[in-house]
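Biologist: I would like to learn how to read helix packing from a model. Can we work through a case together?

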Amino acid sequence: MSRFQAQTNAVLDHELEDLRERLGLRADQKADLLREVAGLAAWVVRQSAAGRSIEAHGEEGAEVLVHPALERLRMRED
């Protein structure tokens, strides 16, 4: 099995810790967190590559997901 190591900073560490807690994972489940996040990201990228937009709907209307990585993907597809 391959190992993945990355250098992180305090902001990224905080984001990852927040995601881990929101997803109900323990502190020792870093590989599980990476799998969960990679799976979600892969789905978003596939949808964007297919020309679909990702939207969040709530009481205050809809918000379209906008991110520089998705913009790069769209530019490459065009």
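This is a predicted model: local features need pLDDT of at least 70, side-chain atom pairs count only at pLDDT 80 or more; totals for chains, interfaces and linings use all residues.

Modeller: We start with helix α2.

Biologist: What length does α2 have in residues, and what span does it reach in Å?

Modeller: α2 runs over residues 30–49, which makes 20 residues. From first C-alpha to last it reaches 28 Å, close to the 28 Å expected at 1.5 Å a residue.

Biologist: Which residues of α2 are buried?

Modeller: Leu 33, Val 44, Gln 47 and Ser 48 are buried in α2. They cover an arc of only 105° around the axis, so they sit on the same side of α2.

Biologist: Which exposed residues does the face turned away from the buried side of α2 carry?

Modeller: That face carries Arg 35 and Arg 46, both exposed.

Biologist: What do the buried residues of α2 pack against?

Modeller: They pack against α1 and against α3, residues 68–77.

Biologist: Take α3 then. At what angle do α2 and α3 pack, and how far apart are their axes?

Modeller: The angle is about 35°, and the axes are 9 Å apart. The crossing is right-handed.

Biologist: Which residues meet there?

Modeller: From α2 come Val 44, Val 45, Ser 48 and Ala 49. From α3 come Leu 70, Leu 73, Arg 74 and Glu 77. By type, the residues of this contact divide into 5 nonpolar, 1 polar and 2 charged.

Biologist: Is Ser 48 buried or exposed?

Modeller: Ser 48 has a relative accessible area of 5%. The cut-off for buried is under 20%, so Ser 48 counts as buried. Beyond its neighbours within four places in sequence, Ser 48 is in contact with Leu 70, Leu 73 and Arg 74.

Biologist: How far apart are Ser 48 and Leu 65 in sequence and in space?

Modeller: They are 17 residues apart in sequence and 10.0 Å apart in space, C-alpha to C-alpha.

Biologist: Now the α1 side. Where is Arg 20 placed?

Modeller: Arg 20 lies in helix α1, residues 10–22. Arg 20 is buried, at a relative accessible area of 12%. Leaving aside neighbours within four places in sequence, Arg 20 is in contact with Leu 25, Arg 26, Ala 27 and Leu 33. Leu 33 is one of the buried residues of α2.

Conventions. Residues are numbered from 1 along each chain as its sequence is written. Side-chain values use heavy atoms; hydrogens and water are left out. Helices (H or I, at least four residues) and strands (E, at least two) are DSSP runs, numbered from the N terminus. Buried means under 20% relative accessible area, exposed over 50%, partly exposed in between (1.4 Å probe, protein chains only). Contact means heavy atoms within 4.5 Å. The expected span of a helix is 1.5 Å times one less than its number of residues. The arc is that of the directions from the helix axis to the C-beta atoms. Axes are lines fitted to C-alpha atoms, for helices over the stretch in contact, and angles run from 0 to 180 degrees between N-to-C directions. A crossing is left-handed if the near helix is turned anticlockwise from the far one by less than a right angle, and right-handed if clockwise. Ala, Val, Leu, Ile, Met, Phe, Trp, Tyr, Cys and Pro count as nonpolar, Asp, Glu, Lys and Arg as charged, and the others, Gly among them, as polar.
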